[in-house]
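Please consult the sequence and the structure shown below alongside the text.

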Amino acid sequence: MPDDVAPRATSVTENDKALANHVRRGVTNFRNENPAEFQEMVGEFDGRRANLAVLGFGRINVRVGGGDVVIEPGLGPDEMMHGAIYLEAAQAIASGRLTPLQAYFRGDVIVRAPAGDLHNGYGFFVRFSELAFASERLRGQLDELRDEFL
C-alpha cells in the first residue's frame, strides 16, 4: 500500500521543535547530574528508536546509540517503538496527581513496543523519575515546560 500522506520530515511543527528542545535540555541535565544512571539506561536501549507524542501538542523522534540519545522534532520513518500521552495526563503526572502506571491503565498513555523493552522502560522510568524530581534543575525545567506548554 503506497504511503500517500505528507512526508514526515515536512510535517514538523513549531510545537514539535519546542518539545524537542525541552526534552533535549532535560536529557542533558539528567546526563550531567546522573552520569552512571544515564549510561546504564543508554546501554540498555542501545540501537532503539522511538516516536513519542504529547497528543494535541507535539511529536519527537528519539534514537539511542553510541552512548548517547538523539532527539529530533517530528516523527522518524521506521521506528520500533511508539508512545503517546494525553496532554491532561502529562499535566497530572508532572504535578504529582497521577502516576504513569495509573495513566497507562486509564488509557491516557499509549505504548507500542516489544514486551522486554516495555518492561525495561517502565522500570527505568520509575527508578529515574525520583532522581529527576529530586533535581532542582530538572524540577525547574519541568515547571518551565508546564507553564509554557501544558
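This is a predicted model: local features need pLDDT of at least 70, side-chain atom pairs count only at pLDDT 80 or more; totals for chains, interfaces and linings use all residues.

Which residues of helix α3 (residues 87–94) are buried? They are Ala 89, Ala 90, Ala 92, Ile 93 and Ala 94.

**Helix α3**
- The buried residues of α3 pack against β4 (81–86), α4 (100–106), α5 and α6.
- Gly 96 follows α3 and has a positive phi, near 80°.

**Asp 117 in helix α5**
- Asp 117 is located in helix α5 (residues 115–134).
- With a relative accessible area of 9%, Asp 117 is under the 20% cut-off and therefore counts as buried.
- When residues up to four places away in sequence are not counted, Asp 117 touches Phe 45, Arg 48 and Met 81.

**Helices α1 and α6**
- Helix α1 (residues 14–33) and helix α6 (residues 136–148) have axes that come within 10 Å and cross at roughly 170°.
- Because an angle over 145 degrees counts as roughly antiparallel, α1 is roughly antiparallel to α6.
- On the α1 side, the contact involves His 22, Arg 25, Gly 26, Asn 29, Phe 30 and Glu 33.
- On the α6 side, these residues meet Arg 137, Leu 138, Gln 141, Glu 144, Leu 145 and Glu 148.
- Classified by residue type, the contact of α1 with α6 has 5 charged, 4 polar and 3 nonpolar residues.

Conventions: Residues are numbered from 1 along each chain as its sequence is written. Side-chain values use heavy atoms; hydrogens and water are left out. Axes are lines fitted to C-alpha atoms, for helices over the stretch in contact, and angles run from 0 to 180 degrees between N-to-C directions. Helices (H or I, at least four residues) and strands (E, at least two) are DSSP runs, numbered from the N terminus. Angles under 35 degrees count as roughly parallel, over 145 as roughly antiparallel, 65 to 115 as roughly perpendicular and the rest as oblique. Contact means heavy atoms within 4.5 Å. Ala, Val, Leu, Ile, Met, Phe, Trp, Tyr, Cys and Pro count as nonpolar, Asp, Glu, Lys and Arg as charged, and the others, Gly among them, as polar. Buried means under 20% relative accessible area, exposed over 50%, partly exposed in between (1.4 Å probe, protein chains only).
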